[in-house]
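Dear colleague,

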Amino acid sequence: MGMFDFVKDVGAMLGIGDGDKADADAIKESIADLGLEADGLDIRVEGDVVKISGKSESQEIKEKIILAAGNVKGIGKVEENINVATQKPEAKFYTVKSGDTLSKIAKSQYGDAGKYMAIFNANKPMLKDPDKIYPGQELRVPQ
């Protein structure tokens, strides 16, 4: 089980939540729309905390579910209890700062700005364009 912090006032440009209250059904629907599947996925929202449980096929899908739920307007924390069928090393989570680009993040995390596509691909389908990230957004940075 893990607890992840998010920037509550930023929220994804997904249009879910009104800044004060996010809806569990809307978050679950958004996760499904992104093609992120987990068996027995249960999502509850308590204040600004999303509680998620279920079973995921991979660590990558688990992390993407956490990000999809946490990068929602009005959410400040994600508490997860998602079991993973295939264990792999965890990715780092990175909070985008003002002025960041995927190239700049790749340079700081990998020492090579040209590896920005690794970060972009690790965050699909939440990211649709490598130039569209925003301050406060959480991203997966694979090892």
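**Strand pairing and cores**

T95 has E138 as its bridge partner in β6. The model is a predicted one. β5 and β6 run antiparallel and are joined by four bridges. Along β6, E138 and R140 point one way, L139 and V141 point the other way, and all of them are buried.

Helix α3 spans residues 102–110, and its buried residues are L102, I105 and A106. These residues lie on the same side of α3 because they cover an arc of only 100° around the axis. In general, an α-helix has 3.6 residues a turn, so residues three or four places apart point the same way. The elements that cover the buried residues of α3 include β5 (92–95), α4 (116–122) and β6 (138–141). Just after α3, G111 takes a positive phi of about 80°.

The largest nonpolar core contains 21 residues, and I27, I31, I43, V50, I52 and V78 have the most contacts inside it. At least two residues of this core come from each of α1 (24–33), β2 (39–46), β3 (49–58), α2 (59–70) and β4 (77–86). The largest share, five residues, is supplied by α2. Another core, of eleven residues, lies apart from this one and has I105, A106, L127 and V141 among its members.

Which residues is I31 in contact with, leaving aside its neighbours within four places in sequence? They are L36, L41, I43, I65, A68 and A69.

With kind regards

Note on methods
Residues are numbered from 1 along each chain as its sequence is written. This is a predicted model: local features need pLDDT of at least 70, side-chain atom pairs count only at pLDDT 80 or more; totals for chains, interfaces and linings use all residues. Side-chain values use heavy atoms; hydrogens and water are left out. A nonpolar core is a set of buried Ala, Val, Leu, Ile, Met, Phe, Trp, Tyr and Cys residues joined through side-chain atoms within 4.5 Å. Buried means under 20% relative accessible area, exposed over 50%, partly exposed in between (1.4 Å probe, protein chains only). Contact means heavy atoms within 4.5 Å. The arc is that of the directions from the helix axis to the C-beta atoms. Two strands pair if DSSP finds at least two bridges between them.
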